[in-house]
Amino acid sequence: MIDQQLAELSNLLIIVTIVLYVLALIGFGADLSGVTQRRSDEKLEKQKRESEGARAELATVGASAGTAAAAGGGPGGSTDAGTTPTRTATAGKASASRGSAGAATSGNALGARGFGYVMASIGAVLHITAMVLRGVATWRVPWGNMYEFSMTSSALIVALFVIISIRRKDLRLLGTLVMLPVLVLMLIAQTAWILPASDLTPSLQNSHWLIVHIGVAIIATALSGLGAIVAALQLLSTRTQKVRAAREAADRPLGRFWGPVSALTERIPGPEALEALCFRLHSLAFVCWTFTLIFGAVWANEAWGRYWNWDPKEVWTFVIWVVYACYLHARATRGFRGNKAAWFALAGFACVIINYTVVNLVINGLHSYSGLG
Amino acid sequence: MTQEDRRARKAQRRAQSREAKGEDAKPPRSERARRARDEQKDQMGTASTRDRRVAPEARDLRQAGKSGKAGASLPKLGVRGTLLFLWRQLTSMQTALFLLLLLAIAAVPGSLYPQRNVDASKTEQYISEHGSWAKFLDTLGFFDVFSSVWFSAIYLLLFVSLVGCVIPRLGVHLRQIRSRPPRTPSRLRRFAGFTRVELPGGDVEAVAARAAKTLKRSRYRTDVLEEKGGARSVTSERGYLRETGNLLFHVALLGVLVGVAAGGLFQYRGQITVVEGEGFSNSLAEYDSFEQGAWYDSSKLPSFRFTLDDFRAEYDTSSNEHRFGQPKKFEADVTVDDPDKSGEYSKTLRVNQPLHVQGTTMYLLGNGYAPEVTVKDPDGNVVAEGPIITIPSGDTGYTSQLVIKAPDAQPKQMAVVGFFLPTGVIDEKGPHSEFPGLVNPQLALTVYNGDLGLDDGVPKNAYQVDVSSLTPVADSDGNQSLVSLTPGESQTLADGSSISFDGVKRYAAFDIKRDPFQVFTLVMALSAVLGLVLSLFVPRRRVWVRAVPSAHGVVLEVAGLARSDDDRLVEDVRALAERLADSASTAADPSPSDDTSADSPSSDSPRPAPQTPETDSSQSKPSHEGPLQ
Ligand code: HEM
């Protein structure tokens with residue numbers, strides 16, 4: 001039944017993937033530290049450009065009123081940080097210093113970032129191949145236990161990141177923020193949750209709901225993960241802008257923490273664009289969570305004759321859903337728009353993590369499919 | 001750059017940053033003034049069909065009760081006013097958000113403490129182990145979170161708030177759907193994607209008509225307006241489905257709640273156990289347990305029967321410690337006799353494959369062993385015979401507990417207590433089973449004598465017996481005798497009673513249930529998703545086109561306003577401008593095929609892009625002549 005050779009090959013590919021991801025992380029990390037170090041060099045350049053920049057900025061605003069959403073939203077938005085005239089909310093200095101980002105991308109950093117990106121891309125291909133092989137080896141979808149679930153969702157996160165940043169090259173700067181959590185997850189799965197390829201337990205057999213329900217759950221988890229990263233960046237970026245404004249007003253240096261952070265956030269889309277991206281990701285994630293919930297209920301009804309029984313896993317899926325509903329609501333509620341809403345998004349992801357770890361491993365319910373009896 | 005230009009830019013920058021925060025752009029001052037005029041007109045009963053108050057009103061409804069001012073004027077309001085104030089407060093967005101958050105938090109204890117509705121015996125055990133603290137938690141409802149007063153209060157308030165929120169919005173939306181799009185603002189320059197093109201020659205009316213036609217094709221609701229100076233403008237709006245979706249979503253959530261509640265009232269469910277070869281006919285007496293909703297009429301129990309022909313289980317035999325002994329397959333073959341259908345039919349039930357019969361559904365939920373045992377009392381009378389249902393104790397090896405009560409035994413009542421072991425091992429750990437399959441089936445039993453206490457009228461659990469008041473049968477040395485049997489064996493005890501182990505059968509446990517509202521609930525849930533998708537992904541926007549006659553021909557102005565997150569608006573507005581300019585320049589030879597939608601700007605023929613102020617930032621002139629001419 002189980003093709004052990006294929007399963008072995010899959011395990012091997014996962015190891016190779018992890019190695020590639022480590023290399024990718026090194027590349028992205030080097031790039032990031034390069035970016036933050038070059039900051040001081042740039043300060044000079046920035047001052048030089050400031051006058052030009054200010055003039056250019058006035059011109060770019062022009063008579064056309066682009067919505068801020070246009071700057072950041074989907075792939076239709078502008079791609080190069082050097083030419084985003086729509087990001088006008090932060091006027092003057094900020095946009096001038098961003099103008100120099102284009103110049104900064106030549107040099108070593110591009111090499112390191114490019115290396116990281118290539119490693120991550122190859123890794124993602126091998127990662128997906130490994131999951132497909134695991135599926136073929138067991139002749140079922142490779143998401144029957146926690147190990148497989150982790151490996152599949154991490155593959156999806158990296159794949160989404162690689163695909164999104166094909167066009168939005170500025171997002172590659174965030175490689176570290178994607179690769180680091182993914183690697184942590186994969187290493188935990190590889191050491192603590194790994195199980196040999198095997199058949200499903202009977203309660204998971206004979207049901208296409210396994211594919212539909214868990215497939216959607218994996219997509220939802222991956223989207224929530226990416227969304228949380230973007231929400232965190234949005235908060236960080238806003239905070240940095242505030243700190244920078246305050247320090248500049250007081251004529252104080254940014255210091256050892258805010259200096260590099262500011263160098264980083266200047267190179268990614270601004271808070272408004274991140275907010276728009278955050279919303280996009282979370283609306284997709286919320287739709288997926290809604291489907292996860294409904295398909296889960298339908299499946300529970302098929303398997304146990306109860307579509308909802310408040311089993312711990314069900315409780316937490318409900319909590320996740322409600323918290324993300326809070327996020328969407330908050331965006332439309334006076335006094336919560338923007339950054340306050342982003343905290344709900346982060347809270348939602350915290351619940352996803354709890355649902356994934358504590359509920360699977362500590363609280364025992366009918367849904368105990370970690371396979372780690 | 002003129003003073004005016006600079007002011008316009010400033011205003012527009014403000015609008016942008018406001019929009020980025022998710023607020024609707026406040027209309028420019030002139031528009032506000034005009035809006036006020038229109039309102040006056042409406043009040044005076046002019047035949048204006050446009051309902052411009054709609055949008056702000058909707059917002060006010062949601063955001064009413066923003067404490068502050070309303071609170072200060074409270075004393076003047078009187079009873080009716082106070083109620084209105086409270087109602088506004090309850091139906092405000094902030095309250096909804098707060099209640100939602102509260103709902104999420106309130107659900108958490110339901111996963112931390114054992115819940116009666118999930119596992120009653122585990123809950124009682126937990127309470128007895130944790131003393132008075134647990135008792136205190138119990139009075140607060142922490143072991144019945146989802147039926148507790150506080151949890152119910154939160155979700156009921158939320159749904160009241162939902163109703164109070166949705167009904168006014170529904171009215172507003174219905175009116176809006178039937179009204180025409182609002183008038184074109186006088187200064188388009190301040191809106192998104194503003195593009196201005198000078199067309200040589202051409203006719204204002206034709207340009208406007210073409211614009212209206214193009215917008216209509218893209219499913220915009222459009223209106224052509226005559227303006228002063230011979231100008232024409234086209235006002236259009238699309239994306240009403242966004243609000244429709246939002247309302248559908250919220251109403252459908254209500255539907256889900258109704259479906260769940262009605263299901264609870266009209267459903268029933270029960271548990272049965274059936275041994276291989278035996279039958280079941282659907283009547284209350286045959287159920288091990290039976291729960292029914294308050295409004296279910298149990299005299300209407302459907303009258304099907306079935307026989308369990310065979311039950312098969314398969315277990316993992318691989319050497320991995322996590323896998324060994326794990327179940328791989330459970331299957332129950334049944335023959336069903338359904339009076340609604342002619343004749344019997346056979347069916348195999350599996351865990352995810354229930355049987356649907358006469359509006360009820362039967363699920364395979366459990367299984368175990370039923371060893372066939374014959375017990376004779378010291379007089380040689382058969383006091384118990386046949387397959388005895390045993391209860392798996394929860395280990396991987398299916399060590400199962402067996403209890404036989406023989407009240408008819410003479411001279412004293414007898415009880416047999418012990419274990420059935422599918423793959424038996426008796427070592428220093430006592431009797432236990434190492435594998436759930438039937439490799440080496442064994443019975444390890446003790447026999448007791450005494451009064452079983454069955455006659456005092458208190459119902460007793462058939463699978464339990466209290467042996468503390470009974471005396472174990474001893475062997476000739478005076479030790480408690482342990483009966484250990486394999487199939488086919490029998491053993492006679494010192495007192496003359498005997499037990500024989502005749503064979504092993506399996507039994508299956510089924511849940512039978514009927515919920516007439518589950519399809520309704522599912523339909524509601526799916527409608528909610530549909531509404532959600534519409535409300536999240538349909539952009540709501542307005543697009544305006546104005547054609548003003550000029551000395552050289554026509555000046556075309558196009559702009560839009562995003563009324564929701566809409567990252568393609570600028571792109572689409574530009575594409576529309578380009579298309580209109582293009583078709584105007586070929587107006588002598590109007591080709592109808594050129595009417596591609598304004599929302600899919602990908603036109604196959606390469607055209608010179610109209611230079612928009614944004615892309616040519618070196619020029620300070622907002623308009624552009626040239627490339628399109
Ligand atoms: C059962 C509880 C509720 C849940 C789960 C819920 C969930 C949601 C979700 C997920 C959205 C975003 C998607 C969409 O736009 O359709 C939303 C939007 C909205 N909800 Fe609710 N909601 C609930 C109750 C309420 C209540 C009580 C109100 C009224 C106070 C309300 C008013 C709104 C409004 C006005 C929007 C549109 C926001 C916008 O303009 O983007 N909701 N709701």
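User: Which helix gives the most residues to the shell around the ligand?

Analyst: That is α10(B), with six residues. Keep in mind that this is a predicted model.

User: OK. And where does the ligand lie?

Analyst: Between chains A and B.

User: Which residues come nearest to the ligand?

Analyst: There are 24 residues around the ligand. The nearest are A:His329, B:Cys165, B:Asn246, B:His250 and B:Ser535.

User: How do the shell residues divide into nonpolar, polar and charged?

Analyst: 15 are nonpolar, seven are polar and two are charged.

User: Which elements give two or more residues to the shell?

Analyst: From chain A, α12 (312–331). From chain B, α6 (93–107), α10 (149–178), α12 (240–266) and α13 (518–537).

User: Now the iron atom of the ligand. Which protein atoms are its donors?

Analyst: NE2 of A:His329 and NE2 of B:His250, lying 1.9 Å from the iron. This pair crosses between chains. A:His329 sits in helix α12 of chain A, and B:His250 sits in helix α12 of chain B.

User: What is the geometry of the iron site?

Analyst: Octahedral. The iron has six donor atoms, with angles of 84 to 178 degrees among them.

User: Are those two histidines buried or exposed?

Analyst: A:His329 has a relative accessible area of 18%, so it is buried, as the cut-off is under 20%. B:His250 is at 10%, so it counts as buried too.

User: New topic. How many residues of α14(B) are buried?

Analyst: 15 of its 17, so the helix is mostly covered.

User: What does α14 of chain B span from end to end?

Analyst: Helix α14 covers residues 569–585. From its first C-alpha to its last, it reaches 24 Å. That is close to the 24 Å expected at 1.5 Å a residue.

User: And α9 of chain A, what span should it have?

Analyst: This helix runs over residues 208–250, which is 43 residues. At 1.5 Å a residue it should span 63 Å. Its end C-alpha atoms are 63 Å apart, so the two values agree.

User: Which residue follows α9(A)?

Analyst: A:Asp251. Its phi is positive, near 60 degrees.

How values were computed. Residues are numbered from 1 along each chain as its sequence is written. Chains are lettered from A and ligands numbered from 1 in the order in which they are written. This is a predicted model: local features need pLDDT of at least 70, side-chain atom pairs count only at pLDDT 80 or more; totals for chains, interfaces and linings use all residues. Side-chain values use heavy atoms; hydrogens and water are left out. A residue is near a molecule or strand if one of its heavy atoms lies within 4 Å of it. Helices (H or I, at least four residues) and strands (E, at least two) are DSSP runs, numbered from the N terminus. Ala, Val, Leu, Ile, Met, Phe, Trp, Tyr, Cys and Pro count as nonpolar, Asp, Glu, Lys and Arg as charged, and the others, Gly among them, as polar. Donors are N, O and S atoms within 2.8 Å of the metal (3.2 Å for Na, K and Ca); water is not among the atoms, so sites may look incomplete. Four donors count as tetrahedral if all angles lie between 85 and 135 degrees; four count as square planar and six as octahedral if opposite donors are over 155 degrees apart and all others between 65 and 115; anything else is irregular. Buried means under 20% relative accessible area, exposed over 50%, partly exposed in between (1.4 Å probe, protein chains only). The expected span of a helix is 1.5 Å times one less than its number of residues.
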